[in-house]
Amino acid sequence: MKKTLLAICMFCSSLLGYSQSNPNIQFFPEGTVLKGNIPYNNDTHQKHLLDLYIPKNATGKIPLVVLIHGGAWLSNDKYADMGYMTKTLAEIVNSGIAIASIDYRFSTEAIFPANLQDCNRAISFLYDNADKYGFDTKRFAVMGFSAGGHLANMVGLSKNNNVANFFMKGSSTAFNIKAVVDFYGPAELVLFPGAEDVKSPESILLGAAPLTRPDLAKIASPITYVDKNDPPFLIIQGEKDQSVDPKQSKLLSAWLNAVGVQNELIIVKAAPHYGTMFDVEDVRNKVISFLKQKLK
């Protein structure tokens, strides 16, 4: 995972050209309403911001997908990953579903569960302000990529476990997640090759190497929270992923199967850890169909 981190950062930076303006609105259907850099935690922290992409002429209460970016828990921002998923994201909005792309604190600033607290806080803000933005609080989904897939999985799986430490003090816990779309997110942290390396991203996330602190690794691993009451999952994994072993996604799917939670695992043939191979028609159709069905 370490070896590909720099490449991921360079790819996203070159593709998106980070700037003060939103680099992604150009990818959405004409007339998409952008509400950018909304503070979700009533503070001035630059990682406590989110962007909304709302379908043109939206009426009534519409469903929402919360997008959580990747970057090994220590890089990128709310614009990342969107740049190679342009057709899928445009089709989500075309389908009448809004998107919220969120930032969260890096593990280099605050170790786990700070980033999960941020994700839950952002979703709580969207829930509490649903009337303002026109969202249906009964139709929320999360979608994440890589480290963001891990966080999306944690949000979806741990919500019904009522883990107080996963929420900021005073944050609402009223929301529920109807569906999770997981793009190559880690499921079990001790399975990483860098689980003994204190400089690996997963060690920086925990503040300790996973194999030296399996107790911390367990708390931060999505499979810990799998139970029969979890929402349905669509899991998408690259066959040739060298950063997050496909066994991670296979393990998550197997645990969901074991407790009877509806899920589908898609292995994208010859696909690496990220990129446009995940924005192809057959994968895109699976994502759109899943969201339409679960958020209807």
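## Basis

This is a predicted model, in which local features need pLDDT of at least 70 and side-chain atom pairs count only at pLDDT 80 or more, while totals for chains, interfaces and linings use all residues. Residues are numbered from 1 along each chain as its sequence is written, and side-chain values use heavy atoms, with hydrogens and water left out.

## The sheet

Eight strands make an open sheet of mixed pairing. Their order is E1-E2-E4-E3-E5-E6-E7-E8. From one strand to the next, the twist averages 15 degrees. Strands (E, at least two residues) and helices (H or I, at least four) are DSSP runs, numbered from the N terminus. Two strands pair if DSSP finds at least two bridges between them.

Strands of a sheet pair through backbone hydrogen bonds, either parallel or antiparallel. Strand E3 (residues 62-68) and E5 run parallel, joined by six bridges. Here Val66 stands opposite Val142 in E5. E5 also pairs with E6 in the parallel sense, over five bridges. In that pairing Met143 faces Val181 in E6. Strand E7 (residues 233-238) is parallel to E8, again with six bridges. Ile236 stands opposite Ile266 in E8.

Nine of the eleven residues of E5 are buried, so the strand is largely enclosed by the rest of the structure. Buried means under 20% relative accessible area, exposed means over 50%, and partly exposed lies in between (1.4 Å probe, protein chains only).

Helix H2 (residues 86-94) has Thr86, Thr88, Leu89, Ala90, Ile92 and Val93 buried. Their cover includes strand E2 (49-54), strand E4 (98-102), E5 and helix H9 (281-294). Contact means heavy atoms within 4.5 Å. Gly96 follows H2, with a positive phi near 85 degrees.

## Helix H8 on the sheet

Helix H8 (residues 246-259) lies across strand E6 (179-183), E7 and E8. H8 runs at about 160 degrees to E7. Axes are lines fitted to C-alpha atoms, for helices over the stretch in contact, and angles run from 0 to 180 degrees between N-to-C directions.

## Nonpolar cores

The largest nonpolar core has 53 residues. Leu50, Leu52, Leu126, Phe135 and Leu252 touch the most other members. A nonpolar core is a set of buried Ala, Val, Leu, Ile, Met, Phe, Trp, Tyr and Cys residues joined through side-chain atoms within 4.5 Å. Beyond four places in sequence, the contacts of Leu50 include Ile38, Tyr40, Ile102, Ala122, Phe125 and Leu126.

A second, separate core holds 32 residues, including Tyr84, Tyr184, Val268 and Ile288.

## Aromatic pairs and a charge over a ring

The whole structure has 14 aromatic pairs. Rings of Phe, Tyr and Trp (its six-membered ring) pair if their centres lie within 6.5 Å; planes under 30 degrees apart count as stacked, over 60 as edge-to-face and the rest as tilted. Tyr127 and Phe140 are edge-to-face, at 6.4 Å centre to centre with 80 degrees between the planes. Tyr127 is in helix H3 (residues 114-128) and Phe140 in strand E5 (residues 135-145), 13 residues apart. Tyr127 is partly exposed at 24% relative accessibility, whereas Phe140 is buried at 0%.

Tyr84, Phe145, Phe183, Tyr184, Tyr274 and Phe278 form one aromatic cluster. Elsewhere, the charged end of Lys159 sits over the ring of Phe175, 5.1 Å from its centre. That label requires NZ of Lys or CZ of Arg within 6 Å of the ring centre and within 35 degrees of the ring normal.

## Two buried residues

Asp118 belongs to helix H3. Asp118 is buried, with a relative accessible area of 0%. Apart from neighbours within four places in sequence, Asp118 contacts Tyr40, His48, Tyr104, Arg105 and Met168.

Pro210 sits in the loop between helix H6 (201-206) and helix H7 (214-219). Pro210 is buried at 0% relative accessibility. Leaving out residues up to four places away, Pro210 touches Leu189, Val190, Ala195, Glu202, Ser203 and Ala217. Phe192 is 18 residues from Pro210 in sequence and 8.7 Å away in space, C-alpha to C-alpha.
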